[in-house]
Structures are given as structure tokens and as C-alpha cells.
Amino acid sequence: MNRRGLRKAGVNSLAIVFALIWVFPVYWMINSSFLANRTLQRFTPTWVPFGGSFRNFQAVLADGSFFKALGMSLAIAAVVVFFAVLFAFLAAVAISRFRFRGRASFVLAVLLIQMLPAEALFIAQYKMISSVNLLNTVIGVSVIYIAAVVPFTVWMLRGFVAGVPADLEEAAMVDGLSRSKAFFKITFPLLMPGLVASAVYAFLQAWNEFTVALVLLTKDDSATLPLWLRGFIQASATRETDWGQVMAASTLVAVPIIIFFMIVQGRMTAGLVSGAVKG
Amino acid sequence: MSVTIDRTPATVTPTTVAPKNRRKRRGGIPYWLLVPAIAILVIGTGYPTAWQLVNSFRDYGLAQQFGKPAPWVGFDNYTSLITDTQFWGVVGRSLIFCAVTAAVTLAIGLGLALLMAAASRAARLALQISLLLAWAMPVVAAMTVWTWLFDRRRGVINYTLDKLPGVDMYRYDWLAEPLSFFAVASIIVIWMSVPFVAFSLYAGLTQVSEEVLEAADLDGASGSQRLRLVILPIIRPVMSIVLLLQIIWDLRVFTQIKILQDAGSNATEFDLLGTYIYKIGTGSQHFGVSAAASVIVLLITLAVSGAYVWRVMKEDSQ
């Protein structure tokens, strides 16, 4: 019994040690964001932000470039979420409710496209978008993002659509509901968790994406939040970095998304799992 | 069947539709439903892929940017890459980086999943919340923090290591040497990828029933035997999918390398495939050569993931 208790204590402390290691960078970002550059310049680190202030945040927000990037990111995310979920929903219905010639090829294409490395395509995407004069625009980036997100959302949604039996809706129609009523009252609510999960997935992808944005958004005033933040590290190579301000900028970008992620996480994983299992 | 409603105007009354055999009669509907998805995939992915393939056989450089026609050069772009030792260096580094990072990620992820399963509620919750926080960090934000942690002069990692007896890490420049540069990159990628692996494997572990483990106990299985002979076989399917995803992701790692290069050096010794293609493409404007390099990356990825696609297709047709 004693040995077992000792073992349990060992397992628990090991779990705590790993928890601390994994959370440390996040903690360090927030900690440093409150400290003055003078404090951070000392060789001995300041472990807790006593005597900290919001000055770094004020400095970072002062020139308004953050809000510009925020607006750009929001616009792109909204367009991508709307169209990706809509297109993927229609396609998911087609492949999970119908058997038709070419269905297998479509499913295969969806799977294969997920394997295509974005890093192998961005040159062509750059050429294509610049040839139609859509560099530095919301639409140009969104088209590429929607195409990148659709295969996985189709995959995820098809599990949900397959999970709602068609009989259910037909039963409602027998009970006297019209076709559209039967859909919106019976099927749609049951699909809601799947739609939310794929919307969240599309949102996070569009919000955090860096590579395509780097290639297609070449002007400073069309930067998304990841590009805006990258500007701070780039500056660090050429001059003395104000790490307090860089960490404040990172915190501004990361904390809202961390909170959002923590809230929707359970739903997301449930969505991923049912997409994989029910398929 | 809900399908049809989505495209039918709400004014259509139920009587216009025969409820039986709708699936067979409305042959065109699934194709209409697929049109938007296929259109966007053709524009966003299909056309660029075709462009890459075509232009990997042409001399497409700066002059063509200004309208000169691009001459066909056969396999010249490919041979110039294949005979280039620099390119092979990049390919080799990418494969090694991918193998090491994916293997360590899987090992740590499995370890943490087992810890979650064995720990008491409070410790498990602490570990899960901390992993979730790391998982939620946007890549670029995570990169700024890690460059700060590894900062040569005032980074907390150099400070802590320097405090250890007999270790001199004062002002050690991690990003100056390729080996330590990629070690840093690997640590960051592992930190970012472990949460997904740990949660997936933990989900798999929770499916291993208590009864099975007790039965193994009664039969006199030791701890390591239980792990090897009972637990691992049960979670093997999850493990193989997770490992495959890690390999694909680690092979195409771009953001982390690019941003570390911003903070350190962007000489070719610090390139992996993603940054290398980016450089010859957008940097030196050798679009033909970079297209050929992209096709090679594509082939490597397909070779790695082909088996997985095949298995999923087989399951789907059942």
C-alpha cells in the first residue's frame, strides 16, 4: 500500500512538472509584457511582474497599426468561415446522402488535397493572385484559405450529416411539416454542433495562418495580425529589441484566441472525433 | 435527404416531391451540391498545382515576369536541383528534422497521455489546462516568446543553464550554428505539437477498459508488460494516424524556421525545404526551379502519406 502511495505521488509530481514546463512560455510572455525594458535588461530575470505596468501595451497600441491588422484579420476570418462552412456543408450532404458516379473520386480528391503542402504551392498562388490584381486584398487571401480549409471541413461535416438519419426528416414530413420546415426544425438543429465545430476550425486556421499571408500580403497596411507581430521579431535582428513591447504585442494577439480556444475546445474535439468515427 | 431542401425554394410544397426513391430520381442534385466546393478547390488548389507542374518544365524567371514567353526546358530544372549538393543538403536536413521531431513528439505525447491516465484528478487537470494553453497559442506569438526565451543576452534559458554547476552558457548564441538552430526549432515544434498528440492518445487510452487491465494484473503481468502487450496494441490505430500527421506537418514546417531566421541568420545552412523553395521563388525569382522543387516535395509527401490515404479509401468504400 505504501509503495503504491509513493508511486502515485511520483506520477502526480511528474505530471505537475510537465504542466509547469508546458505553461511556462505562455506565462513568460504575459509576465514580460508588464515589465519595463529597464527591468528586462538585467541579466537576472524578473520572475513575477511586481511593479509592472500597462505601458508596453499603450506603446504597442499607440500607432494604430494593431487595429488595422485586427480589422484585416477579422474581415478575412469572416469571409473564410462563411464560405468554407457553406461550401463544405453542401458537399458533405452530397457525399453522405447520395451514391453517385464520381463520388469515390471526389472523396479521394478531398483526402489527397489535404496532403498537398501549402509550402509547395505558394509560388503558383502568388503568381495567380497577382495576375488578377488581388495581392494585398481580403478576397485574394480568402480564396486560398477557403480552398485550404474546405477539404477538412467536408471530412468533418460528412460524419455529422451521416449521423442524422434521413428517416427522421421524412417522418416529420409525414406528420405534416413542409419540406423546408422539416429541414430547419429537425435536421438543422442536429447539425448545429458540426457546423459550429467546422466554423471554429475554419476561424482558427484563417486567424493564425502565416505562410500564405506572408506571400500574398506584401504591403504593411494590408498585414494580418500574425504578419504585424512578425514585424517585431524582424526588427529584433537589426536593433536592440524592446522585449517588453514585443511580449505585449504577442499577448494582445494570443490571449483573446487562447480564451476563445479554451471555451470551444470541448466542442471542437467532439466534432473531430465524431467526424472521424461516424464517417 | 435534407439535401434537396437546401437548394429548393421554400415555396415548393411537399406534394411536388415524391418522397419515395428520391435518391434515384434526382440524379443531378449531388453534382450541383458539389459545384461550389469543387470550384473553389480548382481555383485555390487545382490551378496552382497544375501551374507548378507545367512551369517546373519551363525556364520561368525574372524576364518572364515582364511578359517574355517562358521557353520549355524539359527536365533542366530538375537536373539542376538534383545535381546541386545544396539542395540535397536541404532535403537531408528536412528528412532528419522531420524524423527526429516527429519521433520525440510521439514519445513525449504518449508519456504525457499515460501520465494523465495515471495521475489523480487535480494533477491531471493541471496538466491538461497547461497543454491546452500551449495548444491555443498562435504560431507567430509562440515564436516571439521562444526567441525571447532563447535570447542570447537576456534569455531566461541561458540564465538558467548558466546557473547549473559546470555549465557555461553565458551569452550562448543558439541561432548561430545550424545544429543548435535546428535543436531550438525542434524544441519549439515539439512544444507546439505535443498537446494534440497527448490529447488524442489520452482519448484512445480512456477506451482501454479497467476490466482488461485488472485481468492482466491477475494474470501476473508486470507494469511494462501491461503497457507493451495490452495498452499499446489497443491504441495503435490512433498512434499511427497521429504519427502520420506529425510527419506530414514536420516535413512542411515553414513558419517556425522562417521566424527563427528573422532573429538569427538566413544562410542556406539554416534552410529546410519550405524556406528553401520560398527563397528561390520569391527571393531570386527562379520560379521554374522553385516549381520543380515544390513538385519534389509533393512527391515526398505523397510517398509518405500514400499508405494512409489508401487505408481511408478502403474504409470509406465499405
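Me: Before we start, when do two residues count as in contact here?
Reply: Two residues are in contact if their C-beta atoms, placed from the backbone, lie within 7 Å. Keep in mind that this is a predicted model.

Me: Thanks! How is chain A divided?
Reply: Chain A has domain 1, covering 2-56, and domain 2, covering 61-278. Their C-alpha centres are 33 Å apart.

Me: And how many residues of each domain of chain A are in contact with the other?
Reply: Nine residues of domain 1 of chain A meet nine residues of domain 2 of chain A. On the domain 1 side, α1 (2-33) and α2 (37-40) of chain A each supply at least two residues.

Me: What classes do the residues on that domain 1 side of chain A divide into?
Reply: Five are nonpolar, four are polar and none is charged.

Me: New topic: where does Leu244(B) lie?
Reply: Leu244(B) is part of helix α12 (residues 223-251) of chain B.

Me: Why does Leu244(B) count as partly exposed?
Reply: Leu244(B) counts as partly exposed because it has 18 C-beta neighbours inside 10 Å, while a buried residue needs 20 or more.

Me: Which residues is Leu244(B) in contact with, leaving aside neighbours within four places in sequence?
Reply: With those set aside, Leu244(B) is in contact with Ser305(B) and Tyr308(B).

Methods. Residues numbered from 1 in each chain as written. Chains lettered and ligands numbered in written order. Predicted model: local features only at pLDDT ≥ 70, side-chain atom pairs only at ≥ 80, totals over all residues. Domains from an automatic or database assignment. Helix = DSSP H or I, 4+ residues; strand = E, 2+ residues; numbered from the N terminus. Nonpolar A, V, L, I, M, F, W, Y, C, P; charged D, E, K, R; others polar. Buried ≥ 20, exposed ≤ 12 C-beta atoms within 10 Å, placed from the backbone.
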